[in-house]
Amino acid sequence: LKLLQESYLGKVKMIYIDPPYNTGKDFVYKDNFSKDAQEELIESGQKDEYNQRLVANPETAGRYHSDWLSMMYPRLKLARTLLSNDGAIFISIGVEEVANLKRAMDDVFGEANFIEVFSWVKTSTPPALSTKSRKTNEYILCYEKSWNPFKYNGELLEGGDQPLLNSGNSVRTLTFPKEKVLFKTDKFEDGPFKSGKPDRVELLDNIVIKSGYSTTDFRLSGEFKWTQDFLNEELKKGTTFIIKSDKLSIRFIRDEEGYKRPTNFIKEKYTDPTITKKKNGVGTNENASSYLSQLMGNDVFSYPKPVSLMKYLFNFLAQEGDIVMDFFSGSASAADGALRWSAENGKKLKYIMVQLPENLDENLKTADSNSKKIIQNGIDLLDDIGKPHLLSELGKERIRRAAKKIKEELALSGAEGTDKLDYGFRVYRLDSSNMQDVYYKPQDYDQGNLD
């Protein structure tokens, strides 16, 4: 992350990370580099050419939360510097550390730049034998580098229209130009339509409808969001209106908008803060595991995020040529999501994945029975393709296979321009440092050994 500052400082539009959740079984990265080789081996219990530190963080540890936060904090600071001024970061987290992470994010990004805690239904089959509660949700914290008025894209609007009515607003009377309102229902046949109040909206003028439009301007009264002045400004921008039922519930259609704002669904829309497959087309972990099992030929990743979740989040603010980044890449779901988003939108979305080359042979030694099976599947796959037993190698192979699958699907669909999409990627590996080891702290030096 420090080296990426050289080329990508302030250039990343969106960061998504899925860090260790600190459930007591996760590993955290120890970043104290002032140890000699023997101390390193004793602490980490492993050694490899990368000299990485990967140690368990059990719940019994006295610094259980502190160790996790100490690992996260410097990475969040660096992530902020990589973000563009109009960029945002999304972090998946479990209930164990959501409160602590929120405090850390407030400190690094500022409370004023907090956007939302989205709640995502991670499973449709929560453990039946849970002692206290069956956990179905995980959380996604969203912060912007600097708050801006940019509107996030959520779901596609049905028909591209939004309600003008809003319960609780003052009753207002608005005048609508005849050519701007389409009466789209079989209830409105050509001919006269009398004034009246069939439900929450009152038509104040008798009108004559011809080919779906009134022959004269007319007035409506109701709990509208807009004043007449605001309505007039919208009309200048090209906003039009549609009435779909004889209740006269008028809706507006803005030229530049085709999406609803994403919500966290509290009370259907506002008290049930969830991102679900049914409501948003976003899959669960089961969907992700099934997809990856088919793609890779077996289960080789633990707790992968579904590609649909990645696409849903990228769509909030991604534009042509933007860069998205994941520095806890793992199964490389973010890269897969970026490729699919690009293919489906006909735009180029660049991605940077960062992953420590975790040694799967070492992980196998300390894994539980379920994880051991998955890790062994990964090792077998890497043997089949002649690659080292590293998590990063699995991620690269996933991107290759995902790109091939997307290309084949687009070719079958007959979509235009698929041959112009870029499915390739470059891989860089950190070399050993060219800086000499520092054996002494400043206070350990004296005049005699400065030479």
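Close-up 1. Ile243 has Ile250 of S16 as its bridge partner. The model shown is predicted; local features require pLDDT of at least 70 and side-chain atom pairs pLDDT 80 or more, whereas totals for chains, interfaces and linings use all residues. Residues are numbered from 1 along each chain as its sequence is written, and side-chain values use heavy atoms, without hydrogens and water. Strands (E, at least two residues) and helices (H or I, at least four) are DSSP runs numbered from the N terminus. Strand S15 (residues 240-243) and strand S16 (residues 250-253) run antiparallel and are joined by four bridges; two strands count as paired if DSSP finds at least two bridges between them. The open sheet comprises four strands in the order S7-S16-S15-S9, with mixed pairing. Strand S7 (162-163) and strand S9 (181-183) each have a single partner strand and stand at the edges, so one side of each lacks a neighbour in the sheet.

**Close-up 2. The open sheet S10-S12-S13.** Three strands in this order pair antiparallel. The edges are formed by strand S10 (191-193) and strand S13 (213-214), each of which has a single partner strand, so one side of each is left without a neighbour in the sheet. Three bridges link S10 to the antiparallel strand S12 (residues 207-210); Phe193 has Ile207 of S12 as its bridge partner.

**Close-up 3. Helix H4 and the residue that follows.** Buried residues (under 20% relative accessible area, 1.4 Å probe, protein chains only) of H4 include Val98, Leu101, Met105 and Phe109. Just after H4, Gly110 adopts a positive phi of about 95°.

Terms used
Buried means under 20% relative accessible area, exposed over 50%, partly exposed in between (1.4 Å probe, protein chains only).
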